[in-house]
Amino acid sequence: MEITLTTPALLFPALSLLLLAYTNRFLALVNIVRTLKTQYKTTHSPHLIQQIHNLRRRVEMVRNMQAVGVGSMLGCVLAMFLIYAGFNSAGAVVFGGSLLALLVSLGMSLYEIQISVVALQIELNDLEENEEQRLAHQA
């Protein structure tokens, strides 16, 4: 398969949107962390500690997803330069590496989503426990 200069360029819109989505995830996590910190200072609830540990893992995952995604974009740029300079074989190898980095980034994104489901389960469990306690006090 012959790779032309436009082949790596095709990934730019997808990578840009992906990095934007990762940045939005990061900003949402920042807001949640700040909210939980304020809540924890007033309540010292054990379930908030679980959430904070979960959020720490998620923030690290998003940071790593962004790093690998940026690496993928850098690989695309380098591949385009190599192809432009006439080093088609090297450009193809670098482009392949950039595709692998994109796959890793997407895999990490899927894992981060699974971690976020755990955070929701912690919240739902706490809600159920609070409701059970409220009903037990009424009885």
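## Starting with burial

A residue counts as buried under 20% relative accessible area, as exposed over 50%, and as partly exposed in between. With a relative accessible area of 24%, R25 is therefore partly exposed. Please keep in mind, as you look around, that this is a predicted model.

## A salt-bridge network around E112

Let's begin with the charged residues. The structure holds two salt bridges, and R25, R58 and E112 are linked in a network of them. In the pairing of E112 with R25, the closest N and O atoms are 3.0 Å apart. Because E112 belongs to helix α4 and R25 to helix α2, this pair ties together parts that are 87 residues apart in sequence.

E112 also forms a salt bridge with R58, and here the closest N and O atoms are 2.8 Å apart. This second pair links helix α4, which holds E112, to helix α3, which holds R58, across 54 residues of sequence. How accessible is E112? Its relative accessibility is 2%, so E112 counts as buried. R58 is buried as well.

## The nonpolar core

Next comes the largest nonpolar core, which has 21 residues; L11, L15, Y22, M65, C76, F95 and L102 touch the most other members. Helices α2 (11-43), α3 and α4 (88-138) are the elements that give two or more residues to this core. Which of them gives the most? That is α3, with nine residues.

Leaving aside residues up to four places away in sequence, Y22 touches V62, M65, Q66, S105, L106 and S109.

S116 is found in helix α4 and counts as buried because its relative accessibility is 16%. The C-alpha atoms of S116 and Q51 are separated by 9.7 Å, although these residues are 65 residues apart along the chain.

L78 lies in helix α3, which covers residues 46-84. At 42% relative accessibility, L78 counts as partly exposed. Together with L5, F81 and Y84, L78 forms a nonpolar patch on the surface, and the four share about 450 Å² of accessible area.

## What the record lists

An unreviewed UniProt entry lists residues 12-33, 67-87 and 93-111 under "transmembrane region". In the model, residues 12-33 are 100% helix and 0% strand, with end C-alpha atoms 31 Å apart. Residues 93-111 are likewise 100% helix and 0% strand, and their end C-alpha atoms lie 27 Å apart.

Methods: Residues are numbered from 1 along each chain as its sequence is written. This is a predicted model: local features need pLDDT of at least 70, side-chain atom pairs count only at pLDDT 80 or more; totals for chains, interfaces and linings use all residues. Side-chain values use heavy atoms; hydrogens and water are left out. Patches are made of residues with over 30% relative accessible area and no salt bridge: like charges are joined within 9 Å, nonpolar side chains (Val, Leu, Ile, Met, Phe, Trp, Tyr) within 5 Å. Accessible areas come from the Shrake-Rupley method with a 1.4 Å probe; for residues, only the protein chains shown count as cover. A salt bridge is a side-chain nitrogen of Lys or Arg within 4 Å of a carboxyl oxygen of Asp or Glu. Helices (H or I, at least four residues) and strands (E, at least two) are DSSP runs, numbered from the N terminus. Buried means under 20% relative accessible area, exposed over 50%, partly exposed in between (1.4 Å probe, protein chains only). A nonpolar core is a set of buried Ala, Val, Leu, Ile, Met, Phe, Trp, Tyr and Cys residues joined through side-chain atoms within 4.5 Å. Contact means heavy atoms within 4.5 Å. UniProt positions are given in the numbering used here, feature names are shortened, and annotations may be inferred rather than shown by experiment.
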